[in-house]
Amino acid sequence: MPVLIAEQRSALSGFTYDLAAADGAVVGELCLPDWAEARNARLKNPAPQRLRSSIDLRLSGTAYTIEFEYTRRGWANDTRFELMQGATRLAAAEVVVPQGFFGRARLHITEPFGGELVRRSRLFKTRFELQRDGQTQGLIHEPQAFTTRRRLCAELPADVLPPVQGFLLFLVINLAYG
C-alpha cells in the first residue's frame with residue numbers, strides 16, 4: 001500500500017503540514033486557512049488581503065483547493081467538502097453530525113468512490129479506517145502517541161490517487177483536531 005504522511009511543519013502552528021512519501025521525501029504541502037470561508041458562509045472574511053481563506057493542497061507540483069459548504073446548520077453543522085483542481089471536482093465527502101448533543105460525526109466519501117472514514121481512535125492516538133462495502137480497505141493513523149508535531153500516516157489502497165489521499169488526510173485533520 002502506498003503511504004502518504006502529513007506532518008505538522010511547526011510545533012507552534014497547526015496550519016501547515018508537509019506531505020511526504022514513505023521514504024521521507026517531501027512531495028507537497030497542505031495549508032489550512034487563517035479564516036475558513038464556506039461557499040455559503042454568512043460571515044465573510046473581514047480582511048481578504050491579510051487573512052488567507054482557501055484550503056490549499058500542493059502535491060508533486062500540482063495545485064488543488066479544498067472547498068466546503070454547509071448542508072445543514074444547527075448546534076453542529078453538516079458539511080460537504082470537495083477537492084478541486086481548477087473547476088474540476090476530483091473528490092467529495094460529507095461530514096454528518098447526529099442530531100442532539102451526543103454521537104460522533106460520520107465522514108462519508110461520495111466521490112471518486114463510496115466509502116466511509118470510521119473513527120477507531122485509541123487513548124492518545126488518532127486512528128480512522130477507510131471502509132468500502134463494510135470492509136476495511138485502509139487506514140489513516142498517528143504512529144506515535146506523544147509528539148511535538150502532529151503526524152498522520154495514510155496507508156490506503158493503490159487505487160486511491162495521491163491527491164485524494166491528501167484530501168482524506170485533510171478530512172481526518174479537520175475532524176480529529178479541528
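1. Start with R9. In this predicted model, R9 has a relative accessibility of 41% and so counts as partly exposed. Its partner is D18: R9 and D18 form a salt bridge, with 2.6 Å between the closest N and O atoms.

2. That pair does not stand alone. Through salt bridges that share partners, R9, D18, E29 and R58 are joined into one network. The total for the model is 12 salt bridges.

3. Now take R80 and E94. Their side chains meet in a salt bridge, at 3.2 Å from N to O. R80 belongs to strand β6 (residues 78-85) and E94 to strand β7 (residues 88-96), so the bridge ties together parts that are 14 residues apart in sequence. R80 has a relative accessible area of 25% and is therefore partly exposed. E94 is partly exposed too, at 23%. Both values lie in the band between buried, under 20%, and exposed, over 50%.

4. Which residue pairs with D159 in a salt bridge? The partner is R132, with the closest N and O atoms 3.1 Å apart. This pair links distant parts of the chain. D159 sits in the loop between β12 (151-155) and α1, while R132 sits in strand β10 (residues 127-132), and 27 residues separate the two. R132 counts as buried because its relative accessibility is 14%, and the cut-off for buried is under 20%.

5. On to helix α1, residues 162-177. The buried residues of α1 are P163, V164, Q165, G166, F167, L168, L169, F170, L171, V172 and I173. An α-helix has 3.6 residues a turn, so residues three or four places apart point the same way. The buried residues listed for α1 include F167, L168, L169 and F170.

6. Last, the second largest pocket. It holds about 150 Å³ of space. Its lining has 11 residues, and those closest to the centre are L4, V27, L59, S60 and P162. Two elements give two or more residues to this lining: β1 (3-10) and α1 (162-177). The largest share, three residues, comes from α1.

7. What is the make-up of that lining, by nonpolar, polar and charged residues? Nine residues of the lining are nonpolar and two are polar. No charged residue takes part in the lining.

Conventions
Residues numbered from 1 in each chain as written. Predicted model: local features only at pLDDT ≥ 70, side-chain atom pairs only at ≥ 80, totals over all residues. Heavy atoms only, no water. 1 Å grid on protein atoms, 1.4 Å probe; cavity = no way out; pocket = protein on both sides within 12 Å on 5 of 7 lines; lining within 4 Å. Points joined across faces, edges and corners; volume = space filled by probe spheres on them. Helix = DSSP H or I, 4+ residues; strand = E, 2+ residues; numbered from the N terminus. Nonpolar A, V, L, I, M, F, W, Y, C, P; charged D, E, K, R; others polar. Buried < 20%, exposed > 50% of the residue type's maximum accessible area, 1.4 Å probe, protein only. Salt bridge = Lys/Arg side-chain N within 4 Å of Asp/Glu carboxyl O.
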